[in-house]
Amino acid sequence: MNGIGVFVCHCGSNIAATVDVKKVVEMAKLEPGVVHAEEYQYMCSEAGQERIAKAIREKKLSGIVVCSCSPRMHETTFRKCAEKAGLNPYMVEIANLREQCSWVHKDINEGTEKAVILTRAAIAKVSLNTSLYAGESGVTKRALVIGGGIAGIQTALDIADAGYEVDIVEKTPSIGGKMAQLDKTFPTLDCSACILTPKMVDAAAHEKINIYSYSEVEKVSGFVGDFTVDIRKKARYVNMDKCTGCGACMEKCPSKKALSEFNSGLSTRPAIYTPFAQAIPNVPVIDPSQCLKLKNDKCGLCERVCQAGAIDYKQEDEIVTRKYGAIVVATGFEVIKLDNYDEYAYSQSKDVITSLELERIMNAAGPTKGHLERLSDGKAPKNIVFIQCVGSRCADGKGKSYCSKICCMYTAKHAILIRDKYPDVNVTVFYIDVRTPGKNFDEFYRRAVEEYGVNYVKGQVGKVTPEPNGKLTVHGVDLLDNKQLKVEADMVVLAAAIEPSPEVRNIATMLTASIDTNNFITEAHPKLRPVESPTAGVFLSGICQGPKDIPETVSQAGAAAVKVIGLLAKDKLLTNPCTAKADELLCNGCSACFNVCPYGAISYEDKLINDHGVRETRRVAVVNNALCQGCGACTVTCPSGAMDLQGFSNRQIIAEVDAICR
Amino acid sequence: MSINQEFKPKIVAFCCNWCSYAGADLAGGSRLSYPADVKIIRVPCSCRVNPMFILRAFERGADGVIICGCHPGDCHYSTGNYYARRRMTLLFSMLDYLGIEKERTRVEWVSAAEGVKFSTTMNEFVSAVRELGPNRRLGDLRCKD
Amino acid sequence: MQRLIDRMKELLADGTVQRVLGWKQGDLGYNPEPHYFNSAEELDEFIYDGFCGANLSKYMIKGSELEGKTLVLLKPCDTYSFNQLIKEHRVDREKAYIIGVGCKGKLDIEKIKAQGIKGITAVKGAEISGDCDELTVETVYGEKKVAYKDAMLERCHVCKGKEHKIYDELLLDSVDTCDGDRFECVDELDSLTPEEKFNFFRKELSKCIRCNACRNVCPACSCRKCVFDSNKFDSAQKANVDPFEESMFHIIRAFHVAGRCTDCGECSRVCPQGIPLHLFNRKFIKDINEFYGEFIAGEDAETKGPLTDFTLDDIEPGERR
């Protein structure tokens, strides 16, 4: 039954020069289980492989050891060779006699002695190998994109263009995300809506894209290639099939006190609304917290004015269940709450605003129709102060430790736009550092300083005090001149830090994707796999992974799409057979393995176990082979040894240890 | 000293497949020599190294055991070496507490690009173990005086 | 104690619980043992006094599989183990009705014997209702007086506190018994030379007879089958072929319970050879506290254990604090 063959390669003279290969063959023959051993000049060559195949067939070998170069070089070669000869490819072990022996040990006696030991260890291991088979799993050829901002839209478009179906789930009534709120974009100053809305229209019109707006992901189960997702379509109270988007309902709605989310709360909107004029879908929703009909059963005006008969006060949330092969997280960001930064008087003065609010003020469709004016009295400001890094790069725990990355550039943009349109307005920017790594970014910043005369002051602001005359005094410090500064301002703009959307926590939990201390989703590898999450089949697009600007977001969105396409293009997924496996009889169901698994590959089942005649229901660990990547973290955390790693089992490694220490 | 020159320690090195094993290959490719006493066992990740393996090695006569993995933050499996780091920190501290010289155990993070580091680490480790002489303590805790 | 018995009978009578997991009078008067009482009548043999050191939480693994609820008596320190077992899904909280019983320190008969007292027939003054100041030891040679504190288990001198971490109701008063630092013994050993440390542990571990009492009593050692009894590592202990195996067993056992051990001290209490096994666990606990921040296993049933967790800047192996 047990017949091991050993094949020692000379690798020309690479091995043979400092290892006595004949001696290795001779010693290998003495090992238990070895029925065949030979040496040859180049085992990896056609002729060498033919020798191996011949020996496997003729001597009915159950396992082979190839003593050659590193397994990182030719393990696959020899596995394929074995498979062709009818041996399971995982019945092959490599003794690394070149990189880890002949090349580093000059003395032939020493080298030979070590080579014999390494061969012995490989023989000991292979005699415990078991045949392993790569599993196969199917692929549902549809992708889910969570989030309908520029990241989600771009990812969806790219996937759909490759011919695969994509669903976008967007929590708000319209896709578009934060980019829709922006006025102009740096460093080209083109209008944000002008470049975004065509993409929104493309997405809506694409036959392969289906948009679930005003919807949220409720539950995710399954694994790569085969996810099942419950999507909650929140009640819109408007029938999407009937609505023509005429807008009569919004015009007539008497409840107009709700703050407009789209205008960052700077204007109001009716209870029945679309977030903005170019909303997609162009179907309003009724905000149940504002609607008089839904609240007190009064009014009903919208129903009366709707000629299409689309208003439906009885509509309820609906859950749809869909299958996906891949999921892309594109949940985006929010601006942080400024509660911890009261020294900047954000809550005390209407004229202290965030940069996103300034975007709305500057925008022609915004609350001031694009006129730069103070929100307190509508007067045109003469002096504007920008404060950078509000809540970013905070080591004190008050804000975020990271750099929000986009603020330096959008502040330069704001400064340029203001100075361009209102040359008599003085603009001062307090900064810690100006960071401009990006194509044409530094040039853009220098234009702000050199061409537009924006006053950049290196230093932080300690306090902003509202004065009785309606002005604001900014108490700052100029670090280059080393002096305290008091600047009088009519308007102060805070570059508030950005943070991942709060929903991302919940979504990450559902997807078993890990998040870091700042709630950014962790990528599978920070350098080499930046758009994949450690959970197979889950990809990252946009700011959910880390702060980034629009061009970066779009590139990452494309990269995520490529990964999705690569996955969906496959009919079957082959799974690495060297995965963890739990012995049901030994499993305590203690969850230790679950706690250390980076891939969410372990779940628990209450299973009827027959333990040597005793039948009982036990909670036992089950490994999903499609998700497990075979790191082995679980095997060590398991106290009973129930969890083992196929291909690197406890007994195999112990056998190697024993063989080396013999 | 002359006795120690004769002494050929048994050294078991557990190397993770993705970084340290590749680092050892690079040391080989660059012909950076280190003592032949070092025998490498390939594991997928440093988190695959069970304390049982280490004690077993000592039990069977190893004089030193070294574990090499990817640098923290670079683990192929994202988090494996962080778990390994905690486990080995505690295990080695325990062995030290039991009177086992701490020079006999070591963890080193070696990347696939650090062939030089692999070689110098092994040279250092082996000479430290040689200095101590054979490991008699871990095999015979029960022997009476 | 009558109050406790009355309450237990009440809960049995009204069907809240099906049985009581408590302590039963032993044959010697100072060796009570854990016992399931299935009826009010059986409770006649119930005892709760200073000798009831046994931690009953592990018995609830079996209790969780039985029909209906089990009333379990837990001392403050036992509740940590119970929480830990909940965290590991080994006991079912819903199947337990926990009466947190007070504790005035638990006694160690060996400590009395160590004072040169021989031929003990009975020990008086260990009743939980008493003031627990002085014990009267009846021997075949007459009565001897021993201060309660001098007969207490080591673990009670370094008690974690008398607060129950989980319970349905509380009964009987506790007395604070802590008058020592539980890590002093570890520090002392740590300050020795490797040679001295080695000699100390060699002497202690040489006594081990691999009776597995420590493993059987330990609430953290709750594996269905121990690795040392399975072939998973080729580590099954057939015979003492290899002298190293005892030390390997104790090191690995301590490692497996690291981050899970509540320092209940049962291992040392039950060791027939008197090996101070808690010294292994305390070392891990002390290291965990120093390296990764204070962690008390079983303080709650949710927090991740230190060995299934990490931070990006943990200290490196071999690094000194």
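Author: **The nonpolar core and its setting**

Of the 333 residues in the largest nonpolar core, A:Ile64 and A:Val492 touch the most other members. A nonpolar core here is a set of buried Ala, Val, Leu, Ile, Met, Phe, Trp, Tyr and Cys residues joined through C-beta atoms within 7 Å. A residue is buried if 20 or more other C-beta atoms lie within 10 Å of its own, exposed if 12 or fewer, and partly exposed in between, with C-beta atoms placed from the backbone.

The model is predicted: local features need pLDDT of at least 70, side-chain atom pairs count only at pLDDT 80 or more, and totals for chains, interfaces and linings use all residues. Residues are numbered from 1 along each chain as its sequence is written, while chains are lettered from A and ligands numbered from 1 in the order in which they are written.

Neighbours within four places in sequence aside, the contacts of A:Ile64 include A:Ile4, A:Phe7, A:Ile52, A:Leu87 and A:Val92. Two residues are in contact if their C-beta atoms, placed from the backbone, lie within 7 Å. Another core, of 16 residues, lies apart from the largest one, and A:Tyr237, A:Ala271, A:Val285 and A:Cys291 are among its members. In soluble globular proteins, nonpolar side chains tend to be buried together.

A:Ser68 belongs to strand S3 (residues 63–68) of chain A. Helices (H or I, at least four residues) and strands (E, at least two) are DSSP runs, numbered from the N terminus. A:Ser68 counts as buried because 29 other C-beta atoms lie within 10 Å. A:Asn96 is 28 residues from A:Ser68 along the chain, yet their C-alpha atoms are separated by 5.6 Å.

Along the principal axes, the C-alpha atoms of chain A fill a box of roughly 100 × 65 × 45 Å. Of the 662 residues of chain A, 51% count as buried. Among contacts in chain A between residues at least 6 apart in sequence, 70% join residues at least 24 apart.
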